Amino acid sequence: QVQLVESGGGLVQAGGSLLLSCVASGNIFRIPLMGWYRQAPGKQRELVATITSGGSTNYADSVKGRFTISRDNAKNTVYLQMNSLKPEDTAVYYCNTLVIDGRGSPANYWGQGTQVTVSS
């Protein structure tokens with residue numbers, strides 16, 4: 001089993017910045033992919049950004065140039081630096097990981113979510 005613990009959400013004014021972190025722990029052999037998703041009230045969960053163990057990244061068009069995803073493989077941690085925040089970025093942000101366990105079995109895990117609120 002794998003646990004994901006997120007931190008860093010909060011309330012910020014438009015134009016401000018926040019840094020989200022997500023630490024994975026448990027039965028982990030390697031983590032090929034880590035990412036962040038978000039869900040605003042009344043909307044479906046959407047991809048924000050992903051990063052492979054080799055450092056390849058992918059971003060939603062709505063956050064390109066403003067958000068940066070990174071990871072520390074040694075610490076099984078993924079980060080999301082969010083700059084130039086807009087009210088439309090308000091959502092619950094979820095960490096997501098694809099984990100290969102000690103037996104070589106893949107599994108997908110979600111964090112509990114952290115609220116990000118951007119005031120205008």
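Biologist: Are Asp 89 and Arg 38 buried or exposed?

Modeller: This is a predicted model, in which local features need pLDDT of at least 70 and side-chain atom pairs count only at pLDDT 80 or more, whereas totals for chains, interfaces and linings use all residues. Residues are numbered from 1 along each chain as its sequence is written, and side-chain values use heavy atoms, with hydrogens and water left out. The classes are buried (under 20% relative accessible area), exposed (over 50%) and partly exposed in between, with a 1.4 Å probe and protein chains only. Because Asp 89 has 1% relative accessibility and Arg 38 has a relative accessible area of 6%, Asp 89 and Arg 38 are both buried.

Biologist: How many residues apart in sequence are the parts that Asp 89 and Arg 38 tie together?

Modeller: Asp 89 forms a salt bridge with Arg 38 (a side-chain nitrogen of Lys or Arg within 4 Å of a carboxyl oxygen of Asp or Glu), and the closest N and O atoms are 3.0 Å apart. Strands here are DSSP runs of E with at least two residues, numbered from the N terminus. Asp 89 lies in the loop between strand 8 (77-82) and strand 9 (91-100), while Arg 38 lies in strand 4 (residues 30-39), so the parts tied together are apart in sequence by 51 residues.

Biologist: Where does Arg 66, a salt-bridge partner of Asp 89, lie?

Modeller: The closest N and O atoms of Asp 89 and Arg 66 are 2.7 Å apart. Arg 66 is buried, with a relative accessible area of 10%. The pair ties together parts that are 23 residues apart in sequence, because Asp 89 lies in the loop between strand 8 and strand 9 and Arg 66 in the loop between strand 6 (57-59) and strand 7.

Biologist: Which residues do salt bridges that share partners join into one network?

Modeller: Arg 38 also meets Glu 46 in a salt bridge, at 2.7 Å from N to O. Glu 46 counts as partly exposed, at 37% relative accessibility. The count of salt bridges comes to 4, and those that share partners join into one network Arg 38, Glu 46, Arg 66 and Asp 89.

Biologist: Which are the edge strands of the open sheet of 4 strands?

Modeller: Two strands pair if DSSP finds at least two bridges between them. The open sheet has the order 1-3-8-7, with antiparallel pairing. Strand 1 is joined to strand 3 (residues 18-26) by 6 bridges. Pairing on one side only marks the edge strands, strand 1 (2-7) and strand 7 (67-72).
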